[in-house]
Amino acid sequence: MEDWKIKISVLWLFSAVAFLAHQILALLEPGVIAGIMAGEVEDMKIGPKLILVFAVLFLVPLIMAFLSLTLKDSINRWANIIMGSVLAFLFIVVIVTAAKLSGEILMTLSTVVALVLIVWYAWNSKQKV
């Protein structure tokens with residue numbers, strides 16, 4: 001197994017755990033659980049579409065961790081560059097739009113760092129000719 005594939009796979013797992021930690025820390029904010037019980041989170045109505053979005057955000061890093069070890073090099077490289085860039089952009093938007101600094105932002109920032117490293121390792125991986 002190539003070294004860069006293992007690094008990328010571990011970074012995907014790290015980003016999944018950091019995202020989960022972000023969600024857990026968000027629950028500790030005063031009033032959040034009451035809002036969830038009332039059917040709203042951050043001024044959004046909780047429904048099937050929102051739940052699907054969060055499910056995808058949880059599953060993508062886990063799926064990419066597996067695919068990073070199994071895909072052929074060229075497809076693997078581009079899948080990691082594309083998915084890492086897309087998720088890094090989404091999480092940067094979360095950081096920029098955050099109202100205050102908190103542990104949640106720290107976890108989101110660590111997720112962005114992991115995703116940027118994924119893109120970097122994938123971009124710099126040696127391709128078989």
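**Close-up views of a predicted helical chain**

**View 1. Helix α5 and its cover.** Among the elements that cover the buried residues of α5 are α1 (3-27) and α4 (73-97). Contact here means heavy atoms within 4.5 Å, and buried means under 20% relative accessible area with a 1.4 Å probe, protein chains only. The buried positions of α5 are E104, I105, T108, S110, T111, V112, A114, L115, I118, V119 and A122. This is a predicted model in which local features need pLDDT of at least 70 and side-chain atom pairs count only at pLDDT 80 or more, while totals for chains, interfaces and linings use all residues. Residues are numbered from 1 along each chain as its sequence is written, and side-chain values use heavy atoms, with hydrogens and water left out.

**View 2. Helix α5 from end to end.** Residues 103-124 form this helix of 22 residues, and its first and last C-alpha lie 31 Å apart, close to the 32 Å expected at 1.5 Å a residue. That expected span is 1.5 Å times one less than the number of residues.

View 3. Of the 129 residues, 33% are buried. Among contacts with a separation of 6 or more, 77% join residues 24 or more positions apart. The C-alpha trace spans about 55 × 30 × 20 Å along its principal axes.

Definitions and conventions:
Buried < 20%, exposed > 50% of the residue type's maximum accessible area, 1.4 Å probe, protein only. Helix = DSSP H or I, 4+ residues; strand = E, 2+ residues; numbered from the N terminus.
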